[in-house]
Structures are given as C-alpha cells and as structure tokens.
Amino acid sequence: MGNIAEFAEPPLPIYSSQDLERRYQRIGTLSISGGLGTVEKALDIELQRFVAVKHPTIDPSYDASAMQREAKQHARVDSIPGIAKIYAYGLEENVPFIVMEWIDAPTIADRLKTGSPLSLIESVMLASDMSWLAEEMAKRGVIHADWNTKNVFWSKENRIRLVDFGIAVGVIDRQQGAAGTLSFVAPEVLDQRTPNLFSEQWSIAAVVYASLVGRGPFDQLESSSLPLLRGKISGKRTRDAIIEGKYTPLANNEEFVQRLRRIDEPLSQARERARAIDAVFTQVFSQDSRDRFPTIQAFVQALQDACGFTDEEIRTPRFPLEESDDRVHLAHIVKTFFPNQRE
Ligand SMILES: Nc1ncnc2c1ncn2[C@@H]1O[C@H](COP(=O)(O)OP(=O)(O)OP(=O)(O)O)[C@@H](O)[C@H]1O
Ligand SMILES: [Mg+2]
C-alpha cells in the first residue's frame, strides 16, 4: 500500500453505452432502487457470471466523484470475506457506474417483509458477523457508516454479505454532513460528527434489534396509522426518540417474549431473558459513546451471554461458504482438514 498516495489520481475510465452493453447484458427488468443508487442484475458475457450494476438513481449529472469515492472505499475492503466483490467502475457516457458481485440472497429487510424475523440465535450470529466485518474494515481504515437492513444480506448457510459503500468514510477523510439511515443512526452522527467504531456499534446493534422484531429500537409509528396496519415510521418522531434516548424495550413486546420462550419454560423466565437482552442494548444505546461497550466484539459477547449461547454455536466462520460449486469443494476441505469445524 505504501506508495499508492504518490500516484496522481487517475482519470475515471470512460466507456460508451455500447461498450457496457456488449459486456453486461441486463437480466429482465430486475432493478432495485435505494435512496441514491439503482442496482440491476446483469450477465457478464465475457466471464459468464451474474453481476450487479449500480448507477445513481436521481439525475445523470449526479456528482461522479461521489461514486468514484464509493468504488475506492469498497475496493479497499472487498478482499475481506463477507463483503461483495467489486469488479469495475467508470463513466458510461456521463453517468457513473459500479459493477460488483451479484448477491443471490435475501437482505434482512427482505426477510422481515416476508414476516419471518430472524430467530434469536440467528440474530446473534448476524451480530457476530457484522462485528467481525466492522473491525476488519476499520483495520484497513474504512468505516462503513450505513449499516441497515437493506445493505446486509444474511442467511444461516451463507452468513453475511455487505454492500453499499456510498457514504463509507476512510479514517483520513472528513465526513460531509450527517448521513446514514435514520432508524440505525447514532445520535452523534445525527449531530454531524464523523462516524467511528462507537457509532458503528450503535448501528450494528440497531440492525440486530430490527432483525428480531422488524423495526428499529427507536422507530416511532405515525399516530394516524390504523391499528391494524403496522403503521408508517415517522421520521421526525424517530429522530426525537433517538436524541431523547427513548428505547423501545423488548421485554414489553409480548410477541417477542412468546417467541423467546423455550419448551417447558415459564413465560416469566423468557421475560427475564428479554430484560437481560434489553440491558445489553441499553448500554449500546448510550447517548455518550464512552458509555457503550469498549469494542463491538464486547457488545456481541454480552449479547451472546444474555441469550445463553456458547462460542461454538455462534462463531463466525473464517471463510463464509459461497453459493456456487465452490461450496461443495469448500465443504469437502472443511470436512477433510478441519474435522471439528461446525457445519
Ligand atoms: N451486489 C448486489 N447484489 C444484489 N443486490 C444488491 C447488490 N447491491 C445492492 N443490491 C440491492 O440494491 C439495493 C440498493 O443498493 P445500494 O444500497 O448499494 O444503493 P443506495 O441507493 O446507495 O442505497 P440506500 O438505499 O442506502 O441509499 C440494496 O438495498 C440491495 O437490496
Ligand atoms: Mg443501501
């Protein structure tokens, strides 16, 4: 890495629309729009594999250097298992684009939409995977700063995939203004402070909470919403709740407590466990980041202990298995050389 800074910034590679279409063939009309980007599934004709192509959504004069920054932050960390691989970026005529690995898995938000929140053990595994990734990225000077249920793909078999480096910050960069996704953002980031591992701890914990119950720990619903509908999240009220520290305890959520209940266990014991989990979240959601856990890993350990899971049950695999032919191969290696490794 040492000498990279000595090279002048190379110009953005420019491709014509024809160049891009020759190489990447759109698959049907599948296109997912986030806040700033639209992601389409395409076939890389030369390498015969699926890719995701991201363009800015809003207007074509979108600041191309922002997407260049995104691509570079992404490329600094994409060799870490669990981060979507980035393959290319450039300008298609005047519009920036990024080509990356297509992730064939549901996001946490997709799972919640189908009404199947993660089980407690899955949520702790997810927490462990996110914590590991955040700390690995930080070693390379990258803070993701936008952990949310749409940027994280997770399944028990394939574990985590993380996307969207649109607002990621390098340790030497200055963050311009507050950014992130409201339900998951720490109060100091709302207050325009630069995200760091303590604000990441907050956001990761908020994603874990949402993966369990389908809404963020501070989400407030529109008062006008009909009781039968789950209601629309009110941005202003959620923002106020974050700043005022109005955390919604899990122990008060009857549906959640029922789900926590193990066979032959009295309800009071499940509620007790929910309270222990609330105590962990309450520490993470301290307004003053110095009152949070010293590391994200320490938060995960406390959560794991409150839930009563062992390290063996939760452990993040060193190399998440791919959804491909490699999977058979890797499974074979794992069985042959690491007979004690979990499935
Ligand atoms: N590599 C990928 N493979 C499959 N789907 C992806 C991929 N990257 C992104 N997506 C989907 O597209 C959505 C939007 O992508 P992304 O989050 O990068 O865009 P964005 O507009 O910057 O996001 P935001 O909604 O946070 O503003 C994601 O939430 C995810 O559902
Ligand atoms: Mg996103």
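Reader: How do the axes of α4 and helix α6 cross, and within what distance do they come?
Author: In this predicted model, the axes of α4 and helix α6 (residues 197–213) cross at roughly 160° and come within 10 Å. Axes are lines fitted to C-alpha atoms, for helices over the stretch in contact, and angles run from 0 to 180 degrees between N-to-C directions. Helices (H or I, at least four residues) and strands (E, at least two) are DSSP runs, numbered from the N terminus.

Reader: Roughly parallel or roughly antiparallel, then?
Author: That angle makes α4 roughly antiparallel to α6, given that angles under 35 degrees count as roughly parallel, over 145 as roughly antiparallel, 65 to 115 as roughly perpendicular and the rest as oblique.

Reader: Which residues of α4 and α6 make the contact?
Author: From α4 they include L126, A127 and M130, and from α6 they include I204, V207 and V208, where two residues are in contact if their C-beta atoms, placed from the backbone, lie within 7 Å. By class, this contact has 10 nonpolar, 3 polar and 1 charged residues; Ala, Val, Leu, Ile, Met, Phe, Trp, Tyr, Cys and Pro count as nonpolar, Asp, Glu, Lys and Arg as charged, and the others, Gly among them, as polar.

Reader: And what about α4 and α10, at what angle do they pack?
Author: Helix α4 (residues 120–139) and helix α10 (residues 296–307) pack at about 170°, with their axes 9 Å apart, which means that α4 is roughly antiparallel to α10. Among the residues that make this contact are V124 and S128 of α4 and V300 and L303 of α10.

Reader: Switching to strands, how many bridges join β5 to strand β6?
Author: There are 6 bridges between β5 and β6 (residues 95–101), and the two strands run antiparallel; strands pair if DSSP finds at least two bridges between them. The two form a hairpin with 2 residues between them, and E93 in the turn has a positive phi of about 55°. Strand β1 (residues 14–15) is joined to β5 (residues 86–92) by 2 bridges, and those strands run parallel.

Reader: What pLDDT does the chain average?
Author: The chain averages 84, and 82% of the residues score at least 70, pLDDT being the predictor's confidence in each residue, from 0 to 100. Over residues 225–229 the pLDDT is below 50, and over residues 321–339 it stays under 50. Where pLDDT is low, the predicted coordinates should not be read in detail.

Reader: How are residues and chains labelled, and which pLDDT limits apply?
Author: Residues are numbered from 1 along each chain as its sequence is written, while chains are lettered from A and ligands numbered from 1 in the order in which they are written. As this is a predicted model, local features need pLDDT of at least 70 and side-chain atom pairs count only at pLDDT 80 or more, whereas totals for chains, interfaces and linings use all residues.
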